[in-house]
Amino acid sequence: MPAETAPTALMRQYLDVKARYPDAIVFFRLGDFYEMFYEDAVYVARTLDLTLTTRDKGKEDPVPMCGIPHHAARAYLTKLTELGHRVALCEQLEDPRTVKGIVKRDVVRVVTPGVTLDEEALDPRVPSFLASAAGTPRDGYGLAFLDVTTGDFRATELPSIEALVEEIARVAPRELVLGRGDDDRALGDAVKATFATLPRALAPAGDVDPGPVLRKALGAAFQSTLPTLPTLPTLLERWPRAAVAAAAVVRYVGATQPGAELPISGLELYQRADTLIIDEQARRHLELVESMLDRRRVGSLIDVLDETRTAMGARRLRRWLLFPAIDVAVIRRRHDAVERLVATQAARDGARKLLGDVADLERLVGRVRLGVATPRDLAVLGRSLTALPALAAALAAASLLQLGELAATAASEDDPLRILVAPDAATAAEVAAEIVRVLRPDAPALTKDGGYVNPGVSSELDEVRDVADGGRDRIAAIEARERERTGIASLKVRFNSVFGYYIEVTRAHLGSVPADYRRKQTVANAERFVTSELGEFEQQVLTADERRVALELEIFSSLRAKVAAAAEPLLAIAGRVAAADALASLAEVAHRGGYCRPVVDDSGVIDLEDARHPVVERLAAGGGFVPNDVHLDPESEQVLLVSGPNMAGKSTLIRQVALAVIQAQMGGFVAARAARIGICDRVFTRVGAGDALARGESTFMVEMRETAHILRHATGRSLIVLDEIGRGTSTYDGVAIAWAVTEHIHDQLGAKTLFATHYHELAALAARHPRVRCAAVAAREWKGDVVFLRKLVPGSASRSFGVEVAKLAGLPAGVIDRARTILRTLESEAAPTADVPRPLVPGDAEQDGQMGLFGQSGPAPTRGSGPASGVEAEVIGALRAVDPDELSPRAAHDLLTELAKKLTPPS
Ligand code: ADP
């Protein structure tokens, strides 16, 4: 690169770019490499394990530098954005061969964690949101989020920082943009306290006047869920916080795509209360999109429900799951469609097979609009659009077959199974035809070599292509003529990349070489020559080839612009295909799992017959899952206390009710023989200690915080699922708190509640409160072992089977026997009363809770005294010193091994 030997000028250009992108790592294109300099180079070399070199070696001030080949940039980009960095891609804007001096360079795109266009770095089934939040405790908060790959852009307003953080968790953005003001900092701290890993970007959002920014980005188009708010002035007036957040998103994303229009056509405004609210807690506890244990998709509800065939469908299904509806009409419309698809298996199979041929229209159109779609992208888009009429017919068959005479309903514009609605259908057909006409079906991803435009599209292109390709015939002609002229039968015309075209003559015939041949090179057995005719010919071919590539690029760019102009109707179709795919998936899952269509209404009643847990059922091999009936009614059976031994199936049962509500309200069928679901406004859960422990809070503290959250927000239309509250403290405290919480829910909130507990004392609540019912998941003792029946029966559990479960878990026989003895003593001493929860054993309750059990026969046991022998007392002492919830499985295992060893007599 001789033109660029002036290092200072080049570095000046670099520093100029870097000054404009101080918060990004600058990938500076030099020929075939992206180079990084100074601190960027030092950091990236260390982080990505690259070799750090220096530019201007030997000078006083060598510049640290490292580089990556440009064709391998993708992997490095992904790694850096995953670490939360932004990378500015600074490209050469001119061809270095045609420029003297420094080539013009500028940033063409900034890649950030939330603004990535690389499909390989993105999970196609999950949207890739960049979000921004703004606001103050006094005025409330705005939240906006945009998936730049599809143009999906939504905003809402929230009254409190707590609600804001919950909504951010539900949206799960890949990046969050915050302003730099004091309020923004407080907001940032609250967000950081909740998500340790969310990448965060800072942008001066507070000083944005949202009006001009949004007007430019959105024009007049507002798809609002509130039909009364169609215009920009109304948006600014009625949703000022959402507007500020939305403007910050637009500005931030706009700055990452200099020169390109943002792929946004509208802003969807929603209110949290328009959907079934599922907060972070419930989303995790119910394992909706990832399992609680290892945070993977396997073992989650979405893993069971997602039988979609397109990425758009998968994203739509996920949206329905995380934002279920509360409008009975919307839900019934989806159920209608699912019912039709369940009933018409052949049509459903046909439609699903055809869906498999449809690519990710939303992201393809997004790439077209951003000007990054490749010829291959467009060819794929063309094929997908061509497949739509057959898909539409298959879906229509599902509607018609089922409805027969009632087909009129199916034909209505808003039938979710109707994907091709006029005039969008006509536009899609035109676009498809144009793509198929212009592009070869096997068009490559790169434009640099051309070769993707069909013959017959442009006569000029056809001509230069003839010259470029026709080279072979001309060569053959020249070769034949020269052989004849020279009489050298073995003469050959050849090509190599160093000399271009040349004539090769073997050594034996050198004497016959004419005078106009100019010698170029000597090889082992021959000499190579050029002639002026060959030189001219070569020039023609090369020029034609360059012209061909340039012409193809022109044709392609204009095709891409045409497709971009049709983006709106194409996206409308894509949205309907996504919905149809999600519905077909719900139908497929309903069919395979034998789910039923729930009756949904505003009654508030939940009535499930033979209900199952969709995820546990799938894991339980060979139909071993035991179904159960559950009935909840705010008027009569509002609170269901579910007792039963550990491992009986209590959590599974209470969670499956919450899952049935969510599945029904997202538009799906539920895992039951029959179901009636009164619409809920929120689902709350309080389950197990969870992973909040990692944040350094005690089990009890987390439990109480989560319970407080529920009591503050639940309404008479909410469903609450409580698993074992009060477990993190002493029995007395635990029973007392559980008792009081239940009373509060019963007397004040009116929310339907499922409460799994093994405090038998709580059974007494049923006698004193009209809307509390007791049930137990049955278990029986059989020859000293516990047998789980998994059946929900009225009344409360007679026994806790704790000792039997401990035996199942492998506690040594000596300990089990001793525990049985102690239990018998205790049971004979403490007779339960039905009125109020009484301490199991009066005595050291205050001081000792659980272990006050031993207080009856004297002071709490210490080493070598009390009812246990020395070693056993030591073991018991050690056990009482631990909080099982604070132990890792590994530490628990080590402790058990150590204790068991103590109890085994030395042999
Ligand atoms: P608990 O909350 O009472 O301790 P869980 O709900 O955690 O019990 O259930 C314990 C195990 O029993 C689960 O891992 C599950 O595999 C199994 N199980 C639960 N309910 C059922 C059921 N209805 N049918 C079959 N197996 C079940």
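This talk walks through the pockets, the ligand site, the cavities and a few backbone details of one predicted model.

Let's start with open space. I want to look at the second largest pocket. How much space lies in it? About 2100 Å³. The lining of that pocket has 50 residues. Which of them are closest to its centre? His70, Glu91, Arg109, Thr374 and Leu446. Find those five on your screen, and you have found the middle of the pocket.

Which element supplies the largest share of the lining? That is H19, with seven residues.

Glu91 sits in strand E5. Is Glu91 buried or exposed? Its relative accessibility is 15%. The cut-off for buried is under 20%, so Glu91 counts as buried. Glu91 also has a partner. Its side chain makes a polar contact with the side chain of Tyr34, at 2.4 Å.

Next, the ligand. How many residues surround it? There are 13. The closest are Val626, Met647, Lys650, Ser651 and Thr652. Helix H22, residues 650–666, gives the largest share of this shell, with three residues. By class, the shell splits into six nonpolar, five polar and two charged residues.

Look at the polar atoms here. Ser651 brings a polar side-chain atom to 2.5 Å from an oxygen atom of the ligand. A polar backbone atom of Gly649 is 3.0 Å from a ligand oxygen atom. For Ala648, a polar backbone atom lies 3.2 Å from an oxygen atom of the ligand. How much of the ligand does the protein bury? On its own, the ligand exposes 560 Å², and the protein buries 75% of that.

Rolling a probe the size of a water molecule over the atoms shows where empty space is left. How many cavities of 30 Å³ or more does the structure hold? Three.

The largest cavity has a volume of about 100 Å³. Its lining includes Val126, Phe129, Arg154 and Leu322. Helix H4, residues 161–171, and helix H11, residues 311–322, are the elements that give two or more residues to this lining. H11 gives the most, with four. Among the charged ones, pick out Arg315, Arg318 and Arg319.

The second largest cavity is about 50 Å³. Among its lining residues are Leu641, Tyr759, His760 and Cys774. Strand E21, residues 639–643, and strand E26, residues 772–782, each supply at least two residues. By class, this lining has six nonpolar residues, four polar ones and no charged ones.

Last, the backbone. Most residues other than glycine have a negative phi, and most peptide bonds are trans.

Where is the cis peptide bond? It runs from Ala422 to Pro423, with omega near 0 degrees. Pro423 lies in the loop between helix H16, residues 407–410, and helix H17, residues 424–438.

Then Asp49. It is not a glycine, yet its phi is positive, about 60 degrees. Asp49 is in the loop between helix H2, residues 38–48, and strand E3, residues 53–55. Its relative accessibility is 70%, so Asp49 counts as exposed.

Finally, Arg790. Its phi is also positive, about 65 degrees, and Arg790 is not a glycine either. Where does Arg790 sit? In strand E27, residues 785–794. At 33% relative accessibility, Arg790 counts as partly exposed.

That's the tour. Over to you for questions.

Conventions
Residues are numbered from 1 along each chain as its sequence is written. This is a predicted model: local features need pLDDT of at least 70, side-chain atom pairs count only at pLDDT 80 or more; totals for chains, interfaces and linings use all residues. Side-chain values use heavy atoms; hydrogens and water are left out. On a 1 Å grid over the protein atoms alone, a cavity is a set of points where a 1.4 Å probe fits but cannot get out, and a pocket is an open set with protein on both sides within 12 Å along at least five of seven lines; lining residues have an atom within 4 Å of a point. Grid points are joined across faces, edges and corners, and a volume is the space filled by probe spheres set on the points. A residue is near a molecule or strand if one of its heavy atoms lies within 4 Å of it. A polar contact is a pair of N or O atoms within 3.5 Å; within protein, one must be able to donate a hydrogen and the other to accept it, and residues adjacent in sequence count only if both atoms are side-chain atoms. Accessible areas come from the Shrake-Rupley method with a 1.4 Å probe; for residues, only the protein chains shown count as cover. Buried means under 20% relative accessible area, exposed over 50%, partly exposed in between (1.4 Å probe, protein chains only).
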